[in-house]
Structures are given as C-alpha cells and as structure tokens.
Amino acid sequence: MNKEILGVISLLVTLVQYTPYCRSIYRKQLRPHVFSYLIWGVSAGIVAVAQWSADAGPGAWAMALVALLCFLVVGLSYRTGTRYISKGDWIAFIAAMLAIPIWVLTDSPLAAVVVVTLIDIAAFYMTLRKAIVAPNEESIRFYVLATLQYVLSILAIESYNPTTLLNPLVLTLTSSLLIGIMAWLRLRSAPCH
C-alpha cells in the first residue's frame with residue numbers, strides 16, 4: 001500500500017482515537033494522568049521532528065498530530081482537576097525537556113529518540129500506576145487505537161532506521177502491555193454472578 005495512504009489512515013485512526021477520549025475527559029468520565037500526557041506531548045513532538053529529519057515521511061505525520069492532541073488532553077485534564085503529580089513525574093518531565101539539548105549538543109536525532117523513548121516508558125509507568133489504583137479511569141479502547149496508529153505509522157515510514165522505528169515500536173509494546181494489565185484488573189475486580 002502507498003506510504004501516503006498509510007500516513008493518512010494513521011492520522012484518521014489518531015483522530016478516531018482522541019475524539020471520544022477528549023469528549024470523555026471533558027465530561028469527567030475519564031481522568032488521565034496529566035503529566036503522562038504532558039510528557040507524551042513533548043516527546044511526540046521531539047520524535048516527530050527527529051523522524052522527519054531521518055526521512056520517515058508520512059510515518060511521522062501521526063506522531064506530530066499525537067503531540068498536538070496530547071496537549072489538548074493536558075488542557076482538558078487540568079480543567080477537570082486531574083493531576084496525580086508526584087516527584088517522579090516532575091523528574092520524568094524535566095528529563096523529557098533535557099532531550100532537546102541532548103539532540104542539539106550531539107546533533108543526533110537518534111540520541112534524542114533514545115532518551116525520549118526511555119522517558120515515554122516512564123510516562124507509561126505513571127499511567128499504569130494510576131490505572132492500577134483506578135482501572136476504570138482510563139480507556140482501553142484508546143490504547144487499542146493507539147496501538148493500531150503506531151503500527152500504521154510504522155508501515156508508513158519511508159526510510160526504516162533506528163531513529164524512525166525505535167519510538168513507535170516501543171510505544172506499540174507499552175500500549176499493548178497497558179491494555180493487557182487494565183483488562184486483567186477490570187476482569188479481576190468485576191463482580192462474580
């Protein structure tokens with residue numbers, strides 16, 4: 001399939017993923033971890049620019065849109081009073097900000113992607129920690145669509161290399177893990193009939 005078509009499909013999946021999610025946050029039905037999304041917004045922006053510089057082409061489009069939509073989630077989460085901010089969250093956020101100078105100093109998009117990917121894993125830990133306490137405050141559907149979007153983005157990449165592949169591959173794995181854990185926790189806490 002054409003890379004541009006895959007890129008457009010990944011954009012559409014991203015919009016389908018975030019539209020009901022943002023609506024549910026606005027209605028106070030979901031309460032995402034605000035710092036996870038702040039970190040993911042910054043890191044997705046860094047990854048999108050790094051992927052673009054490494055010739056990902058349409059494979060970088062969805063990551064750029066994810067960055068913008070993560071900041072929308074942050075705004076909605078802040079509005080609804082969802083914060084859950086710990087010292088570890090601040091450390092992960094500051095580390096995400098440090099990825100930018102690392103890129104500038106090393107002139108290596110891969111170095112920035114490696115740092116940001118490690119930070120994304122920390123942000124997933126924050127969401128996982130919150131999901132363990134309140135498994136119904138996150139959307140499994142959202143992470144299923146995220147996984148699909150990451151896979152489509154990978155297929156849309158024009159030039160496969162560590163800079164273009166590392167982050168979406170890791171995000172595919174961490175999203176899948178989060179889906180499995182949230183589903184297991186919900187099944188475990190469901191009343192038996």
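How far apart are the mean positions of the positive and negative charges of the protein chain? Hold on to that one for a moment, and hello everyone.

First, some housekeeping. This is a predicted model, where local features need pLDDT of at least 70 and side-chain atom pairs count only at pLDDT 80 or more, while totals for chains, interfaces and linings use all residues. Residues are numbered from 1 along each chain as its sequence is written, and side-chain values use heavy atoms, with hydrogens and water left out.

Now, back to the charges. The mean positions of the 13 positive and 8 negative charges lie 19 Å apart. Lys and Arg count as positive here, Asp and Glu as negative, and His and the chain ends are not counted. Each charge is placed at NZ of Lys, CZ of Arg, CG of Asp or CD of Glu.

Let's look at the fold. The protein chain has seven helices and zero strands; helices (H or I, at least four residues) and strands (E, at least two) are DSSP runs, numbered from the N terminus. The C-alpha trace spans about 55 × 40 × 25 Å along its principal axes. Buried residues, meaning those under 20% relative accessible area with a 1.4 Å probe and protein chains only, make up 52% of the 193 residues.

What sits inside? The largest nonpolar core has 48 residues, and Tyr18, Tyr21, Tyr37 and Tyr143 touch the most other members. Such a core is a set of buried Ala, Val, Leu, Ile, Met, Phe, Trp, Tyr and Cys residues joined through side-chain atoms within 4.5 Å. Each of the helices, from helix 1 to helix 7 (162–189), supplies at least two residues of this core, and helix 2 gives the most, with 12.

Let's zoom in on Tyr18. Setting aside neighbours within four places in sequence, Tyr18 is in contact (heavy atoms within 4.5 Å) with Tyr37, Val66, Leu69, Cys70, Val73 and Phe142. Across the chain, of the contacts between residues at least 6 apart in sequence, 84% join residues at least 24 apart.

Finally, two loop residues. Lys28 is found in the loop between helix 1 (3–26) and helix 2 (34–53). Lys28 is not a glycine, yet has a positive phi of about 65 degrees. Is Lys28 buried or exposed? Lys28 is exposed (over 50% relative accessible area), with a value of 55%. Asp55, in the loop between helix 2 and helix 3 (61–79), is also not a glycine and has a positive phi of about 70 degrees.
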